[in-house]
Amino acid sequence: SFFRERQAGQPPREAERRMSGKDLTKRFAHNGGFCSLAYAPGVKDRILVTCGNDDLVKLHNLEVGPDEDGGINEIDHFEDSVFAVAVSPDGERIAAGGAGNTAVLFKMEDGGADYERNATMSTLPIRDLCFSPDSVWLAVAS
C-alpha cells in the first residue's frame, strides 16, 4: 500500500486524518508489488501514477475512491514488469519502462493516458526515469 503503517494499537495522528479534509485510505496498487510512483503536477485532479510487477502502469485519481468510476485507470501496454515511472513537470506526459528494456512515453488526458511513442531502447532493464525541469528531456537509467 502507499501509506506507511502505524504501529499496532496507536490511533492515527491528527495530521494523517486531516489531509485535504479526508481520512487516509489504503489503495493496493499492484499484484506482486509496486516498483515506483510519481505525482502528476499541473493537472486538475490529484493523480498518482504507479507501476509494478503486474506489467501495468496505473493512474490513481485521489479525488475519488479507488472503487468509484474513474478512480483508477490502467495502462496495459507492457509485456514485462514496469520498474520506473515519471511524470513531466508540465503534467502532460508519463514515461515508463522496465524489464522490456524500452522507455515509453504516454500523453496524459482526462485522468488517463494514451500511447505516444517509444522514447529509447536499452540493452538492460530500465531502472529509473526523470524529466528535465522544462519537460523537454528524459533521462533514462538502465
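Predicted model: local features only at pLDDT ≥ 70, side-chain atom pairs only at ≥ 80, totals over all residues.
Residues are numbered from 1 along each chain as its sequence is written, and side-chain values use heavy atoms, with hydrogens and water left out.

**Overall make-up**

- The protein has one helix and 10 strands (DSSP runs numbered from the N terminus: helices are H or I, at least four residues; strands are E, at least two).
- From the N terminus on, the order is α-β-β-β-β-β-β-β-β-β-β.
- Of the 142 residues, 37% count as buried (under 20% relative accessible area, with a 1.4 Å probe and protein chains only; exposed is over 50%, partly exposed in between).
- Take the contacts (heavy atoms within 4.5 Å) between residues at least 6 apart in sequence: 41% of them join residues at least 24 apart.

**Nonpolar cores**

- A nonpolar core is a set of buried Ala, Val, Leu, Ile, Met, Phe, Trp, Tyr and Cys residues joined through side-chain atoms within 4.5 Å.
- The largest core has 17 residues; Val49, Val57, Leu59 and Ile94 touch the most other members.
- At least two residues of this core come from each of strands S1 (34-40), S2 (47-52), S3 (57-61), S5 (82-87), S6 (93-98) and S7 (102-109).
- Another core, of eight residues, lies apart from it; Ala84, Ala95, Ala103 and Phe131 are among them.
- Leaving aside neighbours within four places in sequence, the contacts of valine 49 include Ser36, Leu37, Val57, Leu59, Val85 and Ile94.

**Open sheet**

- Four strands form an open sheet in the order S1-S2-S3-S4, with antiparallel pairing (two strands pair if DSSP finds at least two bridges between them).
- S1 and strand S4 (72-75) stand at the edges with a single partner strand each, so one side of each is left without a neighbour in the sheet.
- The twist averages 20° from one strand to the next (axes are lines fitted to C-alpha atoms; angles run from 0 to 180 degrees between N-to-C directions).

**The S2-S3 pair**

- S2 and S3 pair in the antiparallel sense over five bridges.
- Leucine 48 stands opposite histidine 60 in S3.
- Threonine 50 lies in strand S2. Threonine 50 counts as buried because its relative accessibility is 0%.
- The side chains of threonine 50 and histidine 60 make a polar contact (3.1 Å). Such a contact is a pair of N or O atoms within 3.5 Å; within protein, one must be able to donate a hydrogen and the other to accept it, and residues adjacent in sequence count only if both atoms are side-chain atoms.
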